[in-house]
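Trainee: Please show me how to read a model one feature at a time. Let's start with strand pairing.

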Amino acid sequence: MKKNIIRFTACLLVASIAVSSAGIPIKAAKKASVKTKKVTMQVGKKKTISLKNKKKKAVYTFKSKNVKIVKVSKKGVMTARKTGKTKISVKEKLGKKTKNIGTVTVTVKDASADKKKPQPTQPAAQTAQPPAVQTAAATPAAPTAPASTDSPEPTVAPPSPIYPVIKDTPEKLNRRLDGVEYGEQITTTYYSKTTGKNRNAIIILPPGYTDEKKYPVLYLFHGGMGDENDWTGGGIRYMIGNMIADGEAEEMIVVLPNCRCREDDSAANADGFAAGHVQSFDNFLNDFRDNLMPFMEANYSVATGRENTAVAGLSMGGRVSLNIGITLADRVGYTGAFSPAYGIFPYSANGLTEEGLFTEETFTLPEEYNNRTFLMINTGNQDNMVKEEPNRYHQALEKNGVHHTYFTLDGSHDWPVWRNGFYNFTRYLFHPQAENTPSDPAGTDPNAPVELKEIVYDVPTTFDRSQNDVTYGEVEKIEYYSTTTGKKRKANIILPAGYSTDKRYPVLYLLHGISGDENEWLDQGRPKYIIGNLVAQGLAKEMIVVIPNCRARADDQASSEFSLDHYAAFDNFINDLKANLMPYMKENYSIAEGRKNTAIAGLSMGARESLNIGLHMPETFGYIAAFSCGYGVFAYSANGVSEPGLFTEETMRLPDAYKDNTLLMLNNGTSEGGENAIGGTCHKALEKNGTPHIFYVTEGGHDFKVWKHGLYNFALQIFN
């Protein structure tokens with residue numbers, strides 16, 4: 001057999017080249033230990049535990065004896081929460097052995113009075129909020145005392161990215177229905193230090209509200225010409241009541257404030273597009289943070305923390321919700337914007353010019369809250385009021401790598417669009433995902449280094465054939481609605497043998513080539529038998545295989561055309577996958593979530609897309625494979641087409657956080673260029689950038705002999 005080539009980066013070869021030599025004295029490795037055993041901190045401050053002599057393959061864990069005093073993250077970052085003394089134990093796990101390597105004694109002292117005062121939370125690069133409006137009113141009555149003036153403890157819940165399935169609005173969502181119990185609707189006032197006067201709000205309690213329970217809160221904002229009564233006219237009490245009764249929403253408190261934060265906060269008329277009017281909506285951030293939230297916590301049975309706090313709004317209220325949701329990401333875990341208005345970015349419209357609350361570069365979430373925030377934007381495709389602004393916001397978030405959902409639907413700047421946004425947003429609020437939906441049934445640490453098996457060159461002769469003594473899973477043909485293309489799209493699902501909703505299964509997304517579609521792998525690649533045989537032999541994990549059509553455009557019929565439009569349809573599949581196919585799988589199949597349970601692989605043009613998707617979504621995919629990668633990963637001119645490339649040699653890499661816990665695999669056939677094929681070029685760039693990966697060459701050309709070989713070896717490696 002012709003000599004085959006296999007390349008691993010240095011950090012993946014350590015285990016295979018580390019050998020012991022008899023008779024040669026070896027110096028004992030130093031034991032890992034903590035650098036500092038005693039630490040003093042102030043409330044609200046953070047420090048990282050430093051370790052000496054850490055071992056590359058070891059996993060280190062940290063545990064606080066009293067998390068009410070000090071909590072500690074997986075990376076050893078301590079956060080002082082209240083005064084007192086506690087201990088942090090540190091353990092080292094190497095292979096099957098776990099041992100204590102030290103203890104850190106932490107003393108937490110009270111901070112100074114100045115440091116106890118709540119500080120506004122603003123991104124450094126963001127335009128400052130307008131100052132609180134000063135009024136000439138007489139001294140008002142004393143304000144309601146807030147429950148707490150301390151800044152809330154930062155959290156990162158919701159615990160995992162949410163991929164919603166967008167549904168049509170139920171016909172009678174905003175109607176009173178027989179047999180449904182609706183919560184009490186209360187009109188109240190709270191004192192606003194921001195405006196120096198009492199302000200109105202409407203509160204809708206859940207049915208059966210009791211002080212014995214704590215309820216999450218949705219703050220819902222009106223449009224530019226409305227006030228606290230805007231959403232009540234849209235049927236909000238019935239909408240939330242019907243959703244709770246149908247089990248489509250959690251019990252929650254809904255708060256409808258007046259977002260016009262100035263002395264004259266009555267509903268607008270002639271000055272609707274005046275600078276002072278729109279800026280009063282921006283000033284509401286201060287009123288929300290300093291007055292309304294403390295009022296709710298002092299007077300209602302509210303569950304606190306960002307995982308229990310949502311904001312949403314229509315039109316001008318959508319601008320407000322985006323401003324608050326991004327700026328106060330430490331307090332708000334869910335943000336919805338329905339037809340959001342101008343003003344997030346600089347603009348001139350309606351006789352008004354504004355500098356914008358953000359630039360496209362600063363319109364992002366802090367790293368600790370990205371992928372831990374549910375952010376949704378929708379708009380009508382015939383909206384002549386806000387026009388392309390919602391899409392502009394979506395494009396900026398996408399460019400900045402902020403996990404979010406964006407969709408359009410038939411409609412204009414009106415209630416059918418806003419009710420649909422509210423319905424789809426509210427369905428995903430406040431779900432206890434971390435406790436009730438284990439993302440990893442095997443308990444795999446998503447940050448654990450990948451463990452590799454050797455590449456098998458001489459695969460069994462019947463590896464892709466049906467065996468008499470093996471039971472194979474069923475193939476299901478499905479259709480899902482794609483908001484990306486505006487039509488239903490097809491995919492094939494290969495279920496594991498004995499598939500049961502009592503179990504959760506990892507998922508492999510398997511992508512076709514330029515002239516194929518969802519049937520190419522089934523017709524020629526035999527994945528049902530390749531994976532089924534490996535599972536039967538105990539060499540691979542049970543998994544669900546999803547084979548989609550990667551041509552994400554209106555005309556997605558199989559075609560071999562070499563054109564920019566055709567290639568762009570493949571690159572657009574990342575949006576369809578995120579917004580539609582993955583949510584469909586989550587809703588309709590018993591899947592295990594999390595990056596350690598999600599893999600993607602493809603052949604030729606599908607290999608280009610597996611790299612595009614996998615390297616741009618490493619928080620989602622823990623396993624990435626490219627078999628005989630096609631043109632377009634780097635700049636090229638071929639087949640009458642020139643493209644700038646999805647990556648440069650410098651950008652072909654994984655972020656540091658995902659380098660050692662991602663399996664990245666490429667292969668090529670000897671007669672399609674071997675190391676000199678595109679896969680080899682990718683390999684050299686990855687190697688240059690220090691990104692761990694596997695690259696190997698096997699006999700064959702640009703054909704299924706190579707691609708099936710790649711799938712066999714990839715299936716051996718994943719989900720272990």
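Mentor: Take Val507: its bridge partner in strand β24 is Ile544. This is a predicted model, where local features need pLDDT of at least 70 and side-chain atom pairs count only at pLDDT 80 or more, while totals for chains, interfaces and linings use all residues. Residues are numbered from 1 along each chain as its sequence is written, and side-chain values use heavy atoms, with hydrogens and water left out.

Trainee: What makes two strands a pair?

Mentor: DSSP has to find at least two bridges between them. Strands are DSSP runs of E, at least two residues, and helices are runs of H or I, at least four, numbered from the N terminus. Here, β23 is joined to β24 (residues 544-548) by 3 bridges, and the two run parallel. With β25 (residues 598-603), β23 also pairs in the parallel sense, over 5 bridges; Tyr509 has Ile600 as its partner there.

Trainee: Which way do the β23 side chains point?

Mentor: In a regular strand, side chains alternate between the two faces of the sheet. In β23, Val507, Tyr509 and Leu511 point one way, Leu508 and Leu510 the other, and all are buried. Buried means under 20% relative accessible area, exposed over 50%, partly exposed in between (1.4 Å probe, protein chains only). Since 5 of the 5 residues in β23 (residues 507-511) are buried, the strand is largely enclosed by the rest of the structure.

Trainee: How many disulfides are there?

Mentor: A disulfide is a covalent bond between the sulfur atoms of two cysteines; the cut-off is sulfurs within 2.5 Å. The count here is 0. For Cys261, the closest cysteine sulfur is in Cys259, 9.2 Å away, so too far for a bond. Cys261 is buried, at 0% relative accessible area.

Trainee: And what about aromatic pairs?

Mentor: Ring centres of Phe, Tyr and Trp (its six-membered ring) must lie within 6.5 Å; planes under 30 degrees apart are stacked, over 60 edge-to-face, the rest tilted. The count is 33. One of them is Phe221 with Phe288, edge-to-face at 6.3 Å centre to centre and 90° between the planes. That pair links distant parts of the chain, strand β13 (residues 217-221) and helix α6 (residues 284-299), 67 residues apart. Tyr631 and Tyr636 are stacked instead, at 4.9 Å and 20°. Tyr631 is partly exposed at 43%, whereas Tyr636 is buried at 12%.

Trainee: How confident is the prediction overall?

Mentor: pLDDT is the predictor's confidence in each residue, from 0 to 100. The protein averages 85, and 86% of the residues score at least 70. Over residues 1-28, though, the pLDDT is below 50.

Terms used
Contact means heavy atoms within 4.5 Å.
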